[in-house]
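Trainee: Could you take me through one part of this model closely? I would like to look at the contact between the two chains, and at how the copies are arranged around it.

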Protein chains: 2
Amino acid sequence: MGRWQPDARGRLEQAALELFAERGYEETTVAEIAARAGLTERTFFRHYADKREVLFGGAAMVTELLVGTAAGAARQASPIEAVAGALQAVGAVIEERRELARRRSRVIAANPELQERELNKLASWADALAATLRARGVDDSDARLAAHVGVAVFHVAFARWVARGNRSTLPELIGTSFEELRALV
Amino acid sequence: MGRWQPDARGRLEQAALELFAERGYEETTVAEIAARAGLTERTFFRHYADKREVLFGGAAMVTELLVGTAAGAARQASPIEAVAGALQAVGAVIEERRELARRRSRVIAANPELQERELNKLASWADALAATLRARGVDDSDARLAAHVGVAVFHVAFARWVARGNRSTLPELIGTSFEELRALV
């Protein structure tokens, strides 16, 4: 394969997720990922610091999308509406990468260390959302509560989305879960 | 000090938390903890597998209390009420150990690895609560949602409780936070 590949990053991700699924995360090496993608290890390291980064590398982009969407919510939107809208925007991006995202979640579910890292990622989303709400003038208590509860709703919706037999999109399930929350509380 | 101490476990915990606060968690050794408690390392290992266990050793007891309280909630209690009641029962136990618990939370806040472990503990509470609700006949969706949202509310209440200047008890803050959730949603 040629040296200049327009989407080396995407190919490396695809290769990594295939190998993690086939052999297990621990057992897969960077050399194997690069070989599967038809690229060199050097190219791998131009895109990712290590193999864990393949699973968590999109974090900055997602946080930006969350914060940008929540900050741009209509002025009359309630804190929980601003949070729900931001999480649905992230849900839409994940939905576009449906197969990769579902494969990724299975790799994470199989590894306790990656699960802890994933929970930490969700906690950082909640912190970023709470800060955005505060900047919108929401008081600290409500901001934290709306952000953490919203992320918990996302977490449940995501688990439904990856469940065997699910046919709904992630944004649909996020919407349904926020409605169910209203009914529950 | 005599060989038979009625509360060696408690003294070891107290000594460990003091040392973690003074020197940092990473820098503290089991030998130092045992010495500070006036006990031997052998005694330490009779009570705890390692120093991390001092911070997370009560997990089984807490899960039992959560599950027992939620399972024993009045038949007409809603899923969220059963969850709130169980988390308040845990809050009351933590409140009884106010100083130790607050010191523990500062140690955890200073260490990313311990923070991930703490998030994992909260996720396991949510799983245990969801299973208890299902056993009460709540459908899987509502059970997961009530459990995860409830734990998110606890998480926010706990952060308020450890915040400088707070005078409320943890069960009070848990109650207030559930009320605020109702107003928010």
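Mentor: Chain A comes to 10 helices and 0 strands, where helices (H or I, at least four residues) and strands (E, at least two) are DSSP runs, numbered from the N terminus. From the N terminus on, its elements run α-α-α-α-α-α-α-α-α-α. This is a predicted model, in which local features need pLDDT of at least 70 and side-chain atom pairs count only at pLDDT 80 or more, while totals for chains, interfaces and linings use all residues. Residues are numbered from 1 along each chain as its sequence is written, and chains are lettered from A and ligands numbered from 1 in the order in which they are written.

The C-alpha atoms of chain A fill a box of roughly 55 × 35 × 25 Å, taken along the principal axes. Of its 185 residues, 37% count as buried (20 or more other C-beta atoms within 10 Å of the residue's own, with C-beta atoms placed from the backbone). Residues 24 or more positions apart account for 59% of the contacts in chain A with a separation of 6 or more; two residues are in contact if their C-beta atoms, placed from the backbone, lie within 7 Å.

Now to the part you asked about. The contact takes 26 residues from chain A and 26 residues from chain B. On the side of chain A that touches chain B, the elements giving two or more residues are helix H6 (79-96), helix H8 (112-135), helix H9 (140-162) and helix H10 (170-184) of chain A. H9(A) gives the most to that side, with 12 residues. Sorted by class, this side of chain A has 14 nonpolar, 6 polar and 6 charged residues. Here Ala, Val, Leu, Ile, Met, Phe, Trp, Tyr, Cys and Pro count as nonpolar, Asp, Glu, Lys and Arg as charged, and the others, Gly among them, as polar.

As for the arrangement, a rotation of 180° with 0.0 Å of shift along its axis superposes chain A on chain B, with an RMSD of 0.0 Å. The two copies are thus related as by a two-fold rotation axis. That superposition is by least squares on the C-alpha atoms of residues with pLDDT of at least 70 in both copies. The interface fits into this picture: 100% of the interface residues of chain A are also interface residues in chain B, so the copies meet through the same surface.

How values were computed. Buried ≥ 20, exposed ≤ 12 C-beta atoms within 10 Å, placed from the backbone.
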